[in-house]
Every structure is written in C-alpha cells, then in structure tokens.
Amino acid sequence: MFLLLLAIITGVIVAALHAHAAHARRNDGIPTIPLYTNLISILRGETRNDFYERNLKCHLHGSGVVRTWLAGHWSLVITDPDLLVEVFKNEQIYSKAGFIVKAPRTMFGQLFGINIGDSHGDEWKLFRTYMKPGLQDRPADYQALSDISNRFIDVLLSEQRALPRGGYLACDDIAKRWSIDGVGHHFFNTDFQALTDCKSVILKLWKSVLSSSPTSLRSTFPTLEDLDWLSLSGRKKREAVRDFHQYLVEVSEKHPAVEKNYLQDALKQCCVSEGLRIGYLDGKLSKYQLSCNLAVTFINGHENILSLTKSAMWELGKRPDLQAALRSEVLAIKPKTKTELHSMPFLASVVFEIGRLYPPLSQLANRIAVEPALLGGKYPISMGQWIGWNAYGVHTSTAIWGPDALEFKPERWGCDVESIDKKFRRCQSNCTYITWNAHARKCLGISFALLQCKLVLCEMVKRISWSVDPAYKYTTQHGSVLSPRNAPMVFKEIDKANTG
C-alpha cells in the first residue's frame, strides 16, 4: 500500500513538473529535456557529463540553448558563445545568484550562503573591496608554493614505495591535501597541515562536509532536504557545515590585530581571510557574510586547482611523449620565479588545453533573469528564469574548436607565450573558453590557479615520471566537477644526475 501511494505521489509530481515545462516552453523555440530523463539518469548512476552526452549534446549542437531540470528549477543551459557573451555582459538583466536563492534550506544553500561569486550589485562590490587584494593583487610566495609542491611529491613517492613493485597508486586524497595546503598558505596565510597530518582539523571538518553532500536524487529535487531537520542525520549535516564555517572564522581571528585607523592600509597587502576579517572589524561585513566568503574561498580555491591538476596528471600520464617534452622545457629553463614559470610556452599550452578539455566546473546555472528579456533577439526570457552554461559543451564543440575538438592537443594554442596568451584572452572574451567565465565577473583567482597548476607540474616532471594504469576506465565525480576519479598511477623517481 505504501509503495502504491508513493508511486502515485511521484507520478503526480512528475506530471505536474512536466506540465509546467510544457507551459514554459510554448512558442519560445527552446528544446526542453523531459523530466523523466533526469530520473532515468539517477537510476543509471550517471554523472553530469553522462547526462550531457546522452540528453543535452544533440540539442545544444543545434540551438546552442536547451531547457533542463537543475536543482529544483527549469533552467536554460547555454553553449552558444554569442548568447553567453550577451548573458555575461548584461548582469543588470541576468543577475548572479546561487543556492541561497535557488534552494536556501539545502545543505549547499547553507554551505555557500551569501558569497562573492553568487552576489551582484552593491553587495558584490562590497565583497570585492575586501577580497580582491588577496585574490588578485597579492604576490604569491613562489618558494613557499614550490616547497608545498615538493612535499606533495615526497608523499607520492613514499606511498608508492609502500606498494608492491609496479603497484598502482590512486592519489586523489594526496592531491586534495596538496591543494588545501596551497590555498591555506596563499589565501589564509595559514598552514593547514593537510599534507603532513592526515588527521588535521581542516581535513576532518571538510570530510564531514563532503559526507553530508546530497545524493543525485536530492540534488535534483532539493525539496527532499526540507525534512532533514526532523532526523538526527539531517541535523548532523547542518552541524558539519556550521563547524566548518566556525573553524574558518577562527582561522581568520588568528591574524595579527590591526588598529582601526590602519584597516584600509592593511587591506592593500593582506591575504583573503585577512581582508575579510578587516571588513568584519570595519563593520561592513556581518559574521555570516564573513564565514560564507571564507568557505567559498576555501572550496573554490582548492577544488578548481585540484581538478585541473588531476586532469593534467591524467593526460600526461597517458602521453609519455608530452610528459617528456614538458620535462625538456622545464629542465632547460629551470624556473625559480613566477616570471620564468610563465615564460614557458609548452607548459602554458598544456595548462590551457587541460582547462579546455577538462573544465573543473563543467556546468552551472547561477544566473537569474531579474526582468523579461529577449535572448539573442529570438528567445523570450521570463523574469525569474534560471540561466546557466555548460563549459564542456562549449569547449568540445566542433563548430568552435574544429573536428579535433575532443582531442588533447596543446599545440592548438600556439608556439610562443605571447600568441598563446593572446589566444587565451580572445577566447575568454568571445566566450569560446569559459573555464573561469568571462567579462566583468570572471574569476578573480585565475592567476593563482594557473600559477599553482604550472608550478606543481614543473616540480613533478623534474623529480618524477608517471603512467596511468591502461586498464583504468575514465570516470568522473558525480555533480558538475570534471576530473578523473581515483585514476591509478605508477610514480617513479628520476635520477637526479640526469636532471641537474
């Protein structure tokens, strides 16, 4: 009887939502993906990329925009560069908004809260005032980041030696600890000790948050989380988020005190957590805004770099020729400064190509229409319509990148640093490369992400070689993060006499 009632309720909900979609799509020319495809995808255990390949790709290659169900709302997903330029350039119409607006009572709504990435207008400008110096302007400590990268390599080699000869090592956890320590140093001016202590406080808290993440079903239908407060497990999930936020606030409180008269002067040379703390002490930011922005700095900061680096390790592990070519360039330059690091064209082309074929955040609907509009002069957009993008769809479009769009080809970027950088800026501007989005709201942490990824790859090819288990089938994480999951690799130390 219970199963019958559940089936009837589910059927009514699905019918109602599909009827809503039919109403929304009338005469607007935008293809709509039926809701049942989401349910089938969940039952199959598919990833976001699987869903794209199976359901979105054929429509997006034709129209460049499709309507699909995302996180409890019918949302438009765009891959047409011209439409993306229009959306990204017109924030007064297509405003940034996140889970706190879309699904405020969910775990993600509580975790991300009100933050710089999802805010707009005066609120965004306020957050930018206190975060931009640490995200964009503060010089990176090259030697310190190099030391953290070498610590990462030390751990890889240590774990490899503990395995039987020729055994494959799944290094996702080690790579995560490396990325957390790098972000801790640069954005928080703190040693999180993630690499040196696998039981460190930050790892324990972050593990609790990750274990509280919603399932695919709950991500698709966030209202299922509304009843979490009734269960002990639901309350523990919210406690995990609160404890994580509170710890980051406590980290910010450990920064040296600054006299009120000198707050603005101190802001010019501080890290992100110090800048946010100054905003709080200045009375401009609430404690809630402080904790949310600390959380999003930690999450986006380490996860994007982690995904990018894991994908680079995957591609270079499959291609010993590319790994050897990168090693030759690194050993010829022997970079010891940021300037020298950015002077290597092959390294730059490898990192940009990784960002193209494996954009860390493959899909996101984080804009909402605040007034009616006519997108591209032909698609009517109603107020309250959620709008997003699929970076993987843009980056693998043969119409944009040619017939070899699905191939990993660093040489497509050019042969010298100047032409490579120019192509990167041009592709960002015309929205054919949206790994870090574009225009006024592009990611403020781009420079650090590129630096960190380039630096660790340099240190790796100097000290080790690695290969991927040929039997491994490429799989990704569930959700929108695009990178290989637990790809088994073998790491071998290179004879120092041969590397100088």
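Which residues in α15 meet which residues in α16? In this predicted model, local features require pLDDT of at least 70, side-chain atom pairs count only at pLDDT 80 or more, and totals for chains, interfaces and linings use all residues. Residues are numbered from 1 along each chain as its sequence is written, and side-chain values use heavy atoms, with hydrogens and water left out.

On the α15 side, L316, G317 and K318 meet P320, L322, Q323 and L326 of α16, contact meaning heavy atoms within 4.5 Å. Helices are DSSP runs (H or I, at least four residues) numbered from the N terminus. The axes of α15 and α16 (residues 320-333) lie 5 Å apart, at an angle of about 110°; axes are lines fitted to C-alpha atoms over the stretch in contact, and angles run from 0 to 180 degrees between N-to-C directions. Helix α15 is therefore roughly perpendicular to α16, a term covering 65 to 115 degrees.

A nonpolar core is a set of buried Ala, Val, Leu, Ile, Met, Phe, Trp, Tyr and Cys residues joined through side-chain atoms within 4.5 Å, where buried denotes under 20% relative accessible area (1.4 Å probe, protein chains only). Among the 102 residues of this core, F152, F244, L248, F298, M460 and F491 touch the most other members. Beyond its neighbours within four places in sequence, F244 contacts L111, I202, L205, W206, V209, A295, F298 and I299. Another core, of 23 residues, lies apart and includes L375, Y379, V394 and A438.

Note on methods
Buried means under 20% relative accessible area, exposed over 50%, partly exposed in between (1.4 Å probe, protein chains only). Helices (H or I, at least four residues) and strands (E, at least two) are DSSP runs, numbered from the N terminus. Angles under 35 degrees count as roughly parallel, over 145 as roughly antiparallel, 65 to 115 as roughly perpendicular and the rest as oblique.
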